[in-house]
Amino acid sequence: MLFGGTSSSSPSPSSAGRAAPRVRFAPSPTGYLHIGGVRTALFNWLWARKHGGTFVLRIEDTDQERSTDESRKVIVDALRWLELDWDEGPEVGGPSGPYFQMQRLAIYREFAERLIARRRAYRCYCTKEELDAQRAAVKARDPKAMWRYPGTCREREDHPDKSFVVRFRAPESGTVTYEDIVFGKVTTPNSAQQDFVMIRSDGVPLYNFGDVVDDVTMGITLVSRGRDHMVNTPPQILLYEALDYAPPQFAHLPMMLAPSGEKLSKRHGAVSVAEYRALGYPPMGVLNYLVRFGWSFGDQEIFSRNDLIQKFDFAQVGKSDGKFDPKKFADVAFEHLKRPDLTPVRRYANMVRPFLEAIGISDPDETKLLRAIPTVRERARTLREAAEAMHYFFRKPIFDEKAQKKFLTPASALRLAELKALLVSVSPWEEATLEAAISGWLASKNLAIKDVAQPARVALTGRTVSPGLYEVLAVLGKEESLARLDHGIESSSA
C-alpha cells in the first residue's frame, strides 16, 4: 500500500504563527539559475534580513528526469556568490528539514492520508487510457473546450492493491478570497477549480500539494513569488483550509520580460547568474539591477546591500511587469565597480583575482594589485575588462609591434635614459613626488610631457594606451620601473 506509514514531523496548526517572518526560496534544480528566480530570492532575503526573520532555501527536486546534482550545485554556488545566505537549507541544516522534496515523501504521505480520512481527498484509480478517452470525447464535442476531471473516483470503493493517485476533493461552490500584498484583494470562484492530483502513483507530490505541505511544516509566514504563480494560490489556499492551517501571506511579483514583451529566456541573451559572473559583473551590481524590477525607492537607482535591507518594503512593489534592458544592467554593474564606497579596493581585488588567473596571473602581488585597481576602475566596465587592463603590471610587457616601431626609436632612447637617471634619485616613490620631479625636469629641458610620455608608456606597459605615466610608475614601484625603462632603452637602440 502506497501510504502505509506516517511521520510525526509536522507541527500543529497553532505553531505556524511566528513573530518574525519566515520566508523561502524554492528553486527546481533542472538547469541554470534564472535571474528572474534570483529576483524572487532577493525580495525574500531582504524581507527576512530587514525584520530579523528566517530565509529558508528549499530544493524542489521532484522532476526526477531533469533534476541533477550539477544543477543543485549551480543554485547553491550562485546564491553564495551573490551572498544571499540562507538560515536553513542545504549545507546549513535546520529544524524543519529535510530541505530536498525527494527526501520528504513520508511527510507528504502523512498529510495525504490525513486529507483522505477527512474526505477532503480520495484515491483515484482511473487509468491513463480512461483519462485519455475522456479528453478525446470532450474535444470531439468542442475542440476549444478545456477538459476537467469529472470526479469519476470521488465515491469509488478503495482498492489498495491497485495503482492510484491522490486527488483533492475540490469544493463545487463558493469562492477563495485572499489579500495579496502587491495586487490587493483577489477572488476566484471554486467552480474554476477541479479535483487536482496531489500525489502521483509513485508517491511524488505535485507542485501545489508539495508546496503547501512544505510551507506548513517549515512555518513559512509569507510566500513571495512571481505573479505567474497566482493561478496556484487558490487551490493552495483550499489545501490550507482542508488541513486546518491558516494560509500565509502572499506577495506576487511583477514579471521580468524580454524587450519584445515575451517571457525572458535564453534566446534573448544572457539570463543565468553564471553567465553574468563569467562576464565579470559584480554580485551587488547584479542584485541592484534586479531589485529595481518591480520595486522602487523614489528616484534612487544605486543601492548598497545595507541600503537595500533598510529601505526594501513590499509597499513599494508595483504591479506592472518590466522589460529587461541589457545596457541598463551593464551600466548599473559598472557603477558598482567604479565607486569605492560601493566596492572597496580590497573587495575589488578579491573579485578580480579569478579573472587575472584566467589570463595566466595566478598570484599577483597584493600591494601592486591594490595600487593598480584605482588606475582601471573608472574605465573597466567589468572585472574581465579590469584584468585585461592591468595585466601588464604583473608580467613583463610584450611590446606592440607598431608602438615599438613608432615610439621606441634610437632618438627616444636618449630621453628614456635621461628619465631613468632622474628617477633613480626620486624619493619617496609616490605619484605626487614623481609628478613634481618629472615636471621640473621637463621644464628645465623646455620639453612637454608628450615628448617623453609615449616612449615611456610603451617601455613600461608595452602599449600606447594606459593610465597616466605617474600612476603607472607608482604602481610598478621603483625597481620594476627602472628595469622596464632599461628594457625600453635597449629595444629603442636595437
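This briefing walks through some features of the structure above, topic by topic. The model is predicted, so local features are taken where pLDDT is at least 70 and side-chain atom pairs count only at pLDDT 80 or more, while totals for chains, interfaces and linings use all residues. Residues are numbered from 1 along each chain as its sequence is written, and side-chain values use heavy atoms, with hydrogens and water left out. Helices (H or I, at least four residues) and strands (E, at least two) are DSSP runs numbered from the N terminus.

**Nonpolar cores**

A nonpolar core here is a set of buried Ala, Val, Leu, Ile, Met, Phe, Trp, Tyr and Cys residues joined through side-chain atoms within 4.5 Å. Buried means under 20% relative accessible area, exposed means over 50%, and partly exposed lies in between (1.4 Å probe, protein chains only).

- The largest nonpolar core has 58 residues, and those with the most contacts inside it are Ile-35, Phe-43, Leu-79, Leu-84, Phe-314 and Phe-324.
- Helix α1, residues 35–50, gives the most to this core, with nine residues.
- A second, separate core of 51 residues includes Ala-372, Ala-387, Leu-419 and Trp-429.
- If neighbours within four places in sequence are left aside, Phe-314 is in contact (heavy atoms within 4.5 Å) with Phe-43, Trp-47, Ile-181, Leu-222, Ser-224, Ala-251 and Leu-253.

**A mostly covered helix**

- Seven of the eight residues of helix α18 (469–476) are buried.
- These buried residues are Leu-469, Tyr-470, Val-472, Leu-473, Ala-474, Val-475 and Leu-476.

Two strands count as paired if DSSP finds at least two bridges between them.

- An open sheet is formed by three strands in the order β3-β4-β7, with antiparallel pairing.
- At the edges are β3 (121–124) and β7 (197–199), each of which pairs on one side only.
- Neighbouring strands of this sheet are turned by 45° against each other on average, direction ignored; axes are lines fitted to C-alpha atoms, for helices over the stretch in contact, and angles run from 0 to 180 degrees between N-to-C directions.
- Strand β4 (residues 165–168) pairs with β7 in the antiparallel sense over two bridges.
- Opposite Val-197 in β7 stands Arg-167.

**Backbone points to look at**

Most residues other than glycine have a negative phi, and most peptide bonds are trans. Here are some exceptions.

- The peptide bond from Gly-97 to Pro-98 is cis, with omega near 5°, and Pro-98 lies in the loop between α2 (69–81) and α3 (105–117).
- Another cis peptide bond joins Ser-427 and Pro-428, with omega about -5°; Pro-428 is in the loop between α15 (410–424) and α16 (431–444).
- Glu-83 has a positive phi, near 60°, and is found in the loop between α2 and α3.
- Asp-244 also has a positive phi, near 65°; Asp-244 sits in the loop between α6 (233–242) and β9 (249–253) and is exposed, with a relative accessible area of 52%.

**Salt bridges**

A salt bridge is counted when a side-chain nitrogen of Lys or Arg is within 4 Å of a carboxyl oxygen of Asp or Glu.

- By this rule the count comes to 44 salt bridges.
- Asp-61 forms a salt bridge with Arg-72, and their closest N and O atoms are 3.8 Å apart.
- This pair links the loop between β2 (54–57) and α2, where Asp-61 lies, to helix α2, where Arg-72 lies, 11 residues apart.
- Asp-61 counts as buried at 4% relative accessibility, and Arg-72 counts as buried at 17%.
- Because Glu-83 lies in the loop between α2 and α3 and Arg-347 in helix α11 (residues 345–358), the pair ties together parts that are 264 residues apart in sequence.
- Glu-83 is partly exposed, with a relative accessible area of 33%, and Arg-347 is partly exposed at 31% relative accessibility.
- Arg-381 forms a salt bridge with Asp-331, with the closest N and O atoms 2.6 Å apart.
- Arg-381 lies in the loop between α12 (366–376) and α13 (383–390) and Asp-331 in helix α10 (residues 326–338), so this pair ties together parts that are 50 residues apart in sequence.
- One network of salt bridges that share partners joins Arg-24, Arg-58, Glu-60, Arg-104, Asp-211, Asp-214, Asp-215 and Arg-225.
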